[in-house]
Amino acid sequence: MLINEIFYSIQGEGPSIGKPSVFLRLGGCNLKCKWCDSKYTWDPKVSDNKVMKLDQIIKKIESYPCNHLVITGGEPVLQQDGLKELLSELKKYYVEIETNGSIALKINKYIEQFNCSPKLKNSGNLPYPLKILPTNKKVIYKFVISNKSDLNEVKKYCKKYKIPKNRTWLMPEGTSKADILKRSKWLIEICKKEGYNFSPRLHIMLYGNERKK
Ligand code: SF4
């Protein structure tokens with residue numbers, strides 16, 4: 001499989017925030033978000049992915065004292081055939097996966113939680129159809145918010161795909177503590193008023209945009 005990094009940290013976003021977790025970061029992505037904080041997984045100019053065999057990946061994951069696994073990227077669902085094989089060997093793990101929601105799933109039975117982050121116009125991508133729908137009860141939705149005006153787009157999107165507010169997290173865009181704090185202040189007020197969940201980006205608040213923390 002094409003792997004970028006495997007490391008042990010805490011989940012910094014979404015409903016499992018604060019959970020000690022092993023992170024498996026896969027290489028490759030089918031989008032190009034302009035504010036992407038993991039370009040090193042897909043941009044040939046800075047990418048440092050490597051091919052790893054399943055037994056190497058399993059050995060590394062099992063070297064950490066933790067049975068909560070977060071699969072991220074890049075877009076990890078691009079490698080779902082490899083993930084099927086891998087996860088069938090990692091049955092003791094609670095597995096959550098981060099995805100942009102553009103690819104239909106074949107790995108539902110191996111995953112406990114899908115953190116689906118559909119990209120809004122602020123990402124610079126063209127709109128794409130959502131392939132991971134809320135009829136799947138394992139899915140929560142996380143939107144990256146740059147400006148207050150993004151809220152209208154979130155509302156329209158959630159109406160179109162029937163995404164309930166209690167399964168929706170709004171998260172400030174930013175790769176520095178200062179940017180996250182600034183946006184968090186007004187975004188929290190929006191969440192309070194509208195009934196969405198707020199997600200900080202705890203890893204950025206703690207470590208900035210450093211890797212492997
Ligand atoms: S979908 Fe995720 S990994 Fe891909 S470009 Fe966007 S932010 Fe980066």
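Predicted model: local features only at pLDDT ≥ 70, side-chain atom pairs only at ≥ 80, totals over all residues.

Reply: Happy to! Helices (H or I, at least four residues) and strands (E, at least two) are DSSP runs, numbered from the N terminus. Residues are numbered from 1 along each chain as its sequence is written, and side-chain values use heavy atoms, with hydrogens and water left out.

Me: Why is Lys-162 called exposed?

Reply: Exposed means over 50% relative accessible area, buried means under 20%, and partly exposed lies in between (1.4 Å probe, protein chains only). Lys-162 has a relative accessible area of 68%, so it counts as exposed. Lys-45, in the loop between S2 and S3, is exposed too, at 74% relative accessibility.

Me: What is the phi of Lys-162?

Reply: Its phi is positive, about 55 degrees, although Lys-162 is not a glycine. Most residues other than glycine have a negative phi, and most peptide bonds are trans. A cis peptide bond is found between Gly-73 and Gly-74, with omega about 10 degrees. Gly-74 belongs to the loop between strand S4 (68-72) and helix H2 (80-87).

Me: What makes Lys-142 and Glu-13 a salt bridge?

Reply: The term asks for a side-chain nitrogen of Lys or Arg within 4 Å of a carboxyl oxygen of Asp or Glu. For Lys-142 and Glu-13 the N to O distance is 2.8 Å, and their side chains meet in a salt bridge. Lys-142 lies in strand S7 (residues 139-145) and Glu-13 in the loop between strand S1 (2-10) and strand S2 (20-26), so the pair ties together parts that are 129 residues apart in sequence. Both residues, Lys-142 and Glu-13, are buried.

Me: Which salt bridge does Lys-142 form with Glu-98, and what does the pair tie together?

Reply: The side chains of Lys-142 and Glu-98 meet at 2.7 Å, N to O. Since Glu-98 sits in strand S5 (residues 94-99) and Lys-142 in strand S7, the pair ties together parts that are 44 residues apart in sequence. Lys-142 and Glu-98 are both buried.

Me: How do you know that Glu-173 and Arg-183 form a salt bridge, and are they buried or exposed?

Reply: Their side chains meet at 3.8 Å, N to O, in a salt bridge. The pair links distant parts of the chain, with Glu-173 in the loop between strand S8 (168-172) and helix H4 (177-194), and Arg-183 in helix H4, 10 residues apart. Glu-173 has a relative accessible area of 17%, so it is buried. Arg-183 counts as buried because its relative accessibility is 19%. Elsewhere, salt bridges that share partners join Glu-13, Asp-37, Glu-98, Lys-142 and Arg-201 into one network. A search of the whole structure finds 11 salt bridges.

Me: Why is S8 called largely enclosed?

Reply: In S8, 5 of the 5 residues are buried, so the strand is largely enclosed by the rest of the structure. Both faces are covered, with Thr-168, Leu-170 and Pro-172 buried on one side and Trp-169 and Met-171 buried on the other.

Me: How do you know that S7 and S8 pair?

Reply: Two strands pair if DSSP finds at least two bridges between them. S7 and S8 have 5 bridges, in the parallel sense, and Tyr-141 has Thr-168 in S8 as its bridge partner. S1 and S2 pair over 7 bridges in the antiparallel sense, with Ile-10 opposite Pro-20 in S2. S1 also pairs with strand S3 (residues 50-51), again antiparallel, over 2 bridges.

Me: What makes S3 and S9 edge strands?

Reply: The open sheet has 9 strands in the order S3-S1-S2-S4-S5-S6-S7-S8-S9, with mixed pairing. S3 and strand S9 (197-198) are the edge strands, as each pairs on one side only. Within the sheet, S4 and S5 pair in the parallel sense over 4 bridges, and Val-70 stands opposite Glu-96 in S5.
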